[in-house]
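Hello,

Here is the structure I promised to pass on. Please open it alongside this note; my findings follow below.

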Amino acid sequence: MNMPEPPAGVPPPIQGVSTAVTVFLGPCQTGVQNSPVQLRSLLDYSTAFGDTGTGLGPSLSQFFQNGGQDAWMVRVQAGGDDAAWQSALEALDGVDLFNLMVLPGISAPAVLQAAMDYCSKRRAFLILDIPGDATTPDL
């Protein structure tokens, strides 16, 4: 396709970027830890991280069933301490662009604060799905 040059003095059009890239952090059955893995389907998740019925599998299943197409996953050690979560967040520095971070089932105040700070730095939204028995953290 041959695109004509814009008239002199008219700025070129702004190039579009993806606005629907989501990152998920959390424990999984198997897979590499603290390294972002791009997922384009639930099959990608099961290949890299194991059973789709455990860990973050149900969250990723809902993501793809509801039209999600581009996700990144960082596996955190099950029962990981604050340092493990911080390492997972830092691993996202290798992801060029994301707009949304999802931390299902996380209620540790230090982890939530670190995630909020990281999302603020990356200009991304943070979605939390706190367990029903969690208490309100004092941030």
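A contact here means heavy atoms within 4.5 Å. On that basis, 67% of the contacts in the protein with a separation of 6 or more are between residues 24 or more positions apart. Keep in mind that this is a predicted model.

Overall make-up first. The protein has 4 helices and 5 strands. Read from the N terminus, the order of elements is β-β-α-α-β-α-β-α-β.

Strand β4 covers residues 100–104 and strand β5 covers residues 125–129. The two strands run parallel and are joined by 5 bridges. In this pairing, Leu-100 stands opposite Phe-125 of β5.

Now the surface. The accessible surface of the protein is about 8400 Å². Carbon and sulfur atoms contribute 53% of that surface. Of the 139 residues in the protein, 32% are buried.

Last, the cysteines. How many disulfides does the structure hold? The count is 0. Are Cys-28 and Cys-119 buried or exposed? The cut-off for buried is under 20% relative accessible area. Cys-28 has a relative accessible area of 9%, so Cys-28 is buried. Cys-119 has 2% relative accessibility and therefore counts as buried too.

Best regards

Terms used:
Residues are numbered from 1 along each chain as its sequence is written. This is a predicted model: local features need pLDDT of at least 70, side-chain atom pairs count only at pLDDT 80 or more; totals for chains, interfaces and linings use all residues. Side-chain values use heavy atoms; hydrogens and water are left out. Two strands pair if DSSP finds at least two bridges between them. A disulfide is a pair of cysteine sulfur atoms within 2.5 Å. Buried means under 20% relative accessible area, exposed over 50%, partly exposed in between (1.4 Å probe, protein chains only). Accessible areas come from the Shrake-Rupley method with a 1.4 Å probe; for residues, only the protein chains shown count as cover.
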